[in-house]
Amino acid sequence: MKRKLGFISVILAGALTLTACGESGNGTTTTDDPNEVYTLQAGHSLPDSHPYHLAFLEMAKNVEERTDGQVIIEVFANSEIGAERELTEGMTLGTVDLVVSSTAPVTNFVPELGVLDVPFIFKDRASAVNVLEGEIGDEIFAKMEENGIIGLSWGENGYRHITNSKHPINTPEDLKGLKIRTQENTIHLAAFEALGAQPTPMAWTEAITALQQGVVDAQENPAIVADQFNLHEANQKYMTLTGHVYSVAVYMMSKQTYDELPEELRDIVVEEGQKAGAKERDLIVEMEKESLKTLKENGVEIIENVDVTPFQEAVKPVYETIEHQELLNRILDAQ
Ligand code: PAF
């Protein structure tokens, strides 16, 4: 967080000005000076046409209006200020103020989140939202706070589907030996191993080159990601609609930023952040269909109406390896 004082404050505040212009996390005392402008950096890994970004822009606009320009949110797309894991780490260190990320990399900092990335854990989108916006979601937010991250709202990345360069995938047997890029998340890794593939975890920033160069044959992401990153140009000829993970996303704020903002301004940022998730989810639903159409037009063969039962059976043993069994069972029971 950068802070800048207005002209009058600069004259009055003298030495404070120098301190107040620094980055957050430097232990300076927060003032309620109405001339002080706080600039927050918000980061994510997707293009500026993706719902992650569009909902952030709306949040930024509302925050700027409601604080009379005292809080400015600069939104950085395309991993410009870090990939998801780095962004999350940045929040815990207070070097990044706001982030939206799929939950998988955040699990490395808040293990409880791991349960959300268990394949086929949610019955459908509506059940997922119910769980996340209820008691369970609140408990997970409390765990995040213990780790220096304030959960603002739950968004979504969408249903994850498998794309690959080799052949149509209809059953888990078709995945045997396929080199697939996964997110940096042990549950995804275990699931693809259980399915017989050869998973390689890596950040999204490395994935496109790995696909282009044939280091990996496959990846798994929602249709909108495959479309916006033109994965057909990265050898991805087939997409199987497995929907194996309802990829939850989360709008977050660094606890350091939260603590340093004056209360009145902070409340506005939090309130607007709480609206971002639902807005983003609606946009995903709207845009996802369009993306599937574009992928088809670009020559990607879409394998629809897949029987997911054998995929569900194959990943079942992974459920037993989950650290937070009680949480996992509560999520299952709540649907
Ligand atoms: O696969 C990933 O790493 C994520 O789904 C992505 C594309 C960065 C969006 O959150």
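A polar side-chain atom of R160 sits 2.9 Å from an oxygen atom of the ligand, and pairs of N or O atoms within 3.5 Å are what we call polar contacts. The protein covers 98% of the 290 Å² of accessible area that the ligand has on its own, with areas taken from the Shrake-Rupley method and a 1.4 Å probe.

This is a predicted model, in which local features need pLDDT of at least 70, side-chain atom pairs count only at pLDDT 80 or more, and totals for chains, interfaces and linings use all residues. Residues are numbered from 1 along each chain as its sequence is written, and side-chain values use heavy atoms, leaving out hydrogens and water.

Here are side chains with an N or O atom paired with a ligand oxygen atom.

| Residue | Distance to a ligand oxygen atom |
|---|---|
| Y52 | 2.9 Å |
| S102 | 3.3 Å |
| R160 | 2.9 Å |

Which residues surround the ligand? They are S45, L46, Y52, E84, S102, N157, R160, R181, Q183, W204, N221 and V225, where being near means having a heavy atom within 4 Å. This shell divides into four nonpolar, five polar and three charged residues. In this grouping, Asp, Glu, Lys and Arg count as charged.

Let's now turn to another residue. K279 belongs to helix α12, residues 263-297; helices are DSSP runs (H or I) of at least four residues, numbered from the N terminus.

Terms used. Polar contact = N/O pair within 3.5 Å; in protein donor to acceptor, adjacent residues only side chain to side chain. Helix = DSSP H or I, 4+ residues; strand = E, 2+ residues; numbered from the N terminus.
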